Amino acid sequence: MPPQHTYDAVIAGGGAAGLFCALTAGRRGRRVAVLERGERPGRKVIISGGGRCNFTNLNASAEHYLSANPDFPISALSRFTPADFIALVESHAIAYHEKELGQLFCDGTSQAVLDMLLAECAAVGVELLTSMDISAVAPEAGGWTVGTGTGAFHADALVLATGGLSIPKMGSTGFAYEVAREQGLEVVPTRAGLVPLTFPPDETAFFKALAGVSVPCAVTVGGRAYRHNLLCTHRGLSGPAMLQASNHWLPGQSISVDLAPGVDIVPRLEGTRSRAPRVSLGDALAGTLPRRFAEAFAAAYLPAGPLGRMGSRALEEAAALLHGWTLRPAGTEGYRTAEVTVGGVDTRGLSSRTMESCAPGLFCIGECVDVTGELGGYNFQWAWASAHAAGEAL
Ligand code: FDA
């Protein structure tokens, strides 16, 4: 006799997506259990946004996401919008603000968002079981069996919400990918995303000497352009501009950096040359770039000597380099520091409306799916929206 199904759905993973899916299904009267391998749920919610959780972005729409199937996120994102999540946040009296570019952060700590998710789950009777490392899952007559160290769970549906590979010490596993493959789904090759870039040792020394210096710039890679700040670090380059670029960068590709976007540099340098012919290019550029960066950049890449001795051609070459500094990263810092995983469960095997896979009763949501957002609250909005789509279908 097949085992009795104690639950309508078991949700694997108690992160942002798993908890939101549980509360959505619970509100519809479904009996739901969330199995989380860590001692506590929502660890990434807690560390997100520098401790203030950038919980959504007002501009969330499919063009801010990377996927082998760029139209896939449209359905879920349009049926659960930033306004829907904001309404929930406001109903819990969580104060928030827009930092920049549509990014909404808590005024206080991220704990408020996690407490909200846990309270909503508790209110609709979701069972949240921690320290439950799921080791195996298998289809059984009309449902799924979910194996853990402390016994098996039986449910009509199984939702994979175990995230990606980023920050392994936060509990990340490749579990969703393993299960997806076992059930006949494809997995788009994964790589670290929203991650600092590394460089060959000789170039790293340049960035190391400038560690902590932030420079406004425009970065172009793989046909995508981002205007924000780069940050020099001991290991290479980080900062919002480089994290955004990392989602699109592939090994061997170069990145073009405009260090003075929109600035007409040659007339500026000519003006300085006529007013102060003895100053160096490094000094002259200190009005356009942070001084430490301007001096180091000039010493490494530009001709030495006073401006008064430089002709128009030298100034034009300097300007061309500033507007199109070509960088060839050696790699990234990898999953250890990545905010997200690019790639994942191939959306061709999933319904964009319900997130159910071609294996009946198996759903995939959140970061484990091949949908990766830009920096700035887009990844949580995908977690909420994909979780909502599945929660409405369970
Ligand atoms: P998530 O990884 O959150 O949860 C998966 C859960 O499954 C984990 O709790 C894990 O322990 C559990 N699990 C794994 N394997 C299991 C198994 N076999 N059995 C049981 N449980 C298992 N995004 C954003 O929009 N705004 C922001 O401010 C930030 N900030 C940020 C900072 C940092 C440092 C990081 C690393 C990431 C961010 N992000 C972000 C990204 C965001 O955290 C991410 O997109 C979501 O947490 C993804 O939610 P999921 O629920 O899909 O996975």
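Trainee: What share of the accessible surface of the protein chain belongs to carbon and sulfur atoms?
Mentor: Keep in mind that this is a predicted model, where local features need pLDDT of at least 70 and side-chain atom pairs count only at pLDDT 80 or more, while totals for chains, interfaces and linings use all residues. Residues are numbered from 1 along each chain as its sequence is written, and side-chain values use heavy atoms, with hydrogens and water left out. Accessible areas come from the Shrake-Rupley method with a 1.4 Å probe, and for residues only the protein chains shown count as cover. The accessible surface of the protein chain is about 16,300 Å², and the share from carbon and sulfur atoms is 52%.

Trainee: Which backbone lies 2.7 Å from an oxygen atom of the ligand?
Mentor: Let's take the polar contacts (pairs of N or O atoms within 3.5 Å) in turn. A polar backbone atom of alanine 16 is 3.2 Å from a ligand oxygen, and for a backbone N or O atom of alanine 17 the distance is 2.9 Å. The 2.7 Å distance belongs to a polar backbone atom of phenylalanine 380.

Trainee: How much of the ligand's accessible area does the protein cover?
Mentor: On its own, the ligand has 1,000 Å² of accessible area.

Trainee: Is serine 238 buried or exposed?
Mentor: Serine 238 lies in strand β15, residues 236-238, where strands are DSSP runs (E, at least two residues) numbered from the N terminus. Buried means under 20% relative accessible area, exposed over 50%, and partly exposed in between (1.4 Å probe, protein chains only). At 11% relative accessibility, serine 238 is therefore buried.

Trainee: Why is the pair of phenylalanine 206 and phenylalanine 207 given the class it has?
Mentor: Rings of Phe, Tyr and Trp (its six-membered ring) pair if their centres lie within 6.5 Å; planes under 30 degrees apart count as stacked, over 60 as edge-to-face and the rest as tilted. By this rule the count is 21 aromatic pairs. Because the centres of phenylalanine 206 and phenylalanine 207 are 5.5 Å apart and their planes are at 80 degrees, the pair is edge-to-face.

Note on methods: Polar contact = N/O pair within 3.5 Å; in protein donor to acceptor, adjacent residues only side chain to side chain. Helix = DSSP H or I, 4+ residues; strand = E, 2+ residues; numbered from the N terminus.
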